[in-house]
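Here's a quick look at the side-chain contacts and surface features of one model. Have the sequence and coordinates open as you read.

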Amino acid sequence: MNNKDFTSELSKRLGCTMKETSELVSFLINEMSEQLQNNNQISIQGFGSFEVKKKAERVSVSPTNKQRMLVPPKLVLTYRPSNLLKDKFK
């Protein structure tokens, strides 16, 4: 399902126009992005949680020439599904 299909289905269920629903989805994505940039965790009941974690600096070895490289630390976005969602897929 792409963004257009998702917005269309959501607008039908909410009884709103496509434009209103598109603005709502856009606002939600922007707000979630802003909260994650501020290093806040986002938990959605029944769906899961999103969190920004810091990966430590590490040494990596290239398989082709066996050269060791230093990989700098970085921030990564993680998602952990809720137990309710996990149970639906079992």
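There is 1 salt bridge here, counting a side-chain nitrogen of Lys or Arg within 4 Å of a carboxyl oxygen of Asp or Glu. It joins the side chains of R13 and E9, at 3.0 Å from N to O. Both residues sit in helix α1 (residues 3-14), 4 residues apart, or about one turn of the helix. Helices are DSSP runs of H or I with at least four residues, strands are runs of E with at least two, and numbering starts at the N terminus.

A word on the ground rules: this is a predicted model, where local features need pLDDT of at least 70, side-chain atom pairs count only at pLDDT 80 or more, and totals for chains, interfaces and linings use all residues. Residues are numbered from 1 along each chain as its sequence is written, and side-chain values use heavy atoms, with hydrogens and water left out.

On to the rings. The model has 3 aromatic pairs, where rings of Phe, Tyr and Trp (its six-membered ring) pair if their centres lie within 6.5 Å; planes under 30 degrees apart are stacked, over 60 edge-to-face, and the rest tilted. Take F47 and Y79: the ring centres are 5.4 Å apart and the planes sit at 45°, so this pair is tilted. F47 is in the loop between β1 (42-44) and β2 (48-55) while Y79 is in strand β5 (residues 74-81), so the pair ties together parts 32 residues apart in sequence. Ring pairs also bring in F50, giving a cluster of F47, F50 and Y79.

How open are these side chains? Buried means under 20% relative accessible area, exposed over 50%, and partly exposed in between (1.4 Å probe, protein chains only).

| Residue | Relative accessible area | Class |
|---|---|---|
| R13 | 69% | exposed |
| E9 | 31% | partly exposed |
| F47 | 37% | partly exposed |
| Y79 | 36% | partly exposed |
| N39 | 56% | exposed |
| K66 | 61% | exposed |

Two of the table entries deserve a backbone check. N39 has a phi near 65°, positive although the residue is not glycine, and it lies in the loop between α2 (18-37) and β1. K66 also has a positive phi without being glycine, near 60°, and its place is the loop between β3 (58-61) and β4 (68-71).
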